[in-house]
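Colleague: Please take me through one part of this model up close, starting from a single side chain and its partners. Then show me how that part sits in the whole.

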Amino acid sequence: MIRPYEESDLAQCAKIFRQAFSEEDWGCAWTQERAELYLSDYVNNPKFVGFVSEDAV
């Protein structure tokens, strides 16, 4: 299921971001707080349009 991004999605999106970009190949060490702040810059942009993909459980 794909749905519009909601403010309550930030923590889970940041967790996924950390898992994807903290790998050795990227050379980054993202904390949850830092990832949330980084993504907040995007989602707080007036032109931001985001979507979330969810597995139906």
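Modeller: Let's start with Arg3, which counts as buried because its relative accessibility is 15%; here buried means under 20% relative accessible area, exposed means over 50%, and partly exposed is anything in between (1.4 Å probe, protein chains only). Keep in mind that this is a predicted model, where local features need pLDDT of at least 70 and side-chain atom pairs count only at pLDDT 80 or more, while totals for chains, interfaces and linings use all residues. Residues are numbered from 1 along each chain as its sequence is written, and side-chain values use heavy atoms, with hydrogens and water left out.

Now for the partners. Side chains of opposite charge can pair when their charged atoms come close. The structure has two salt bridges, each being a side-chain nitrogen of Lys or Arg within 4 Å of a carboxyl oxygen of Asp or Glu. Arg3 pairs with Asp9 at 2.7 Å, N to O, and Asp9 is buried too. Arg3 also forms a salt bridge with Glu54, at 3.0 Å, N to O. Arg3 sits in strand β1 (residues 2-4) and Glu54 in the segment after β2, so this pair ties together parts 51 residues apart in sequence. Glu54, at 31% relative accessibility, counts as partly exposed. Put together, Arg3, Asp9 and Glu54 make a network of salt bridges.

Strand β2 covers residues 51-53 and includes Phe51; strands (E, at least two residues) and helices (H or I, at least four) are DSSP runs, numbered from the N terminus. Phe51 is exposed, with a relative accessible area of 58%. Along with Ile2 and Val49, Phe51 makes a nonpolar surface patch of about 380 Å². A patch takes residues with over 30% relative accessible area and no salt bridge, joining nonpolar side chains (Val, Leu, Ile, Met, Phe, Trp, Tyr) within 5 Å and like charges within 9 Å. The areas come from the Shrake-Rupley method with a 1.4 Å probe, and for residues only the protein chains shown count as cover.

Stepping back, the protein has two helices and two strands, running β-α-α-β from the N terminus. Of its 57 residues, 21% are buried. Among contacts (heavy atoms within 4.5 Å) between residues at least 6 apart in sequence, 51% join residues at least 24 apart. The C-alpha atoms fill a box of roughly 30 × 30 × 15 Å, taken along the principal axes.
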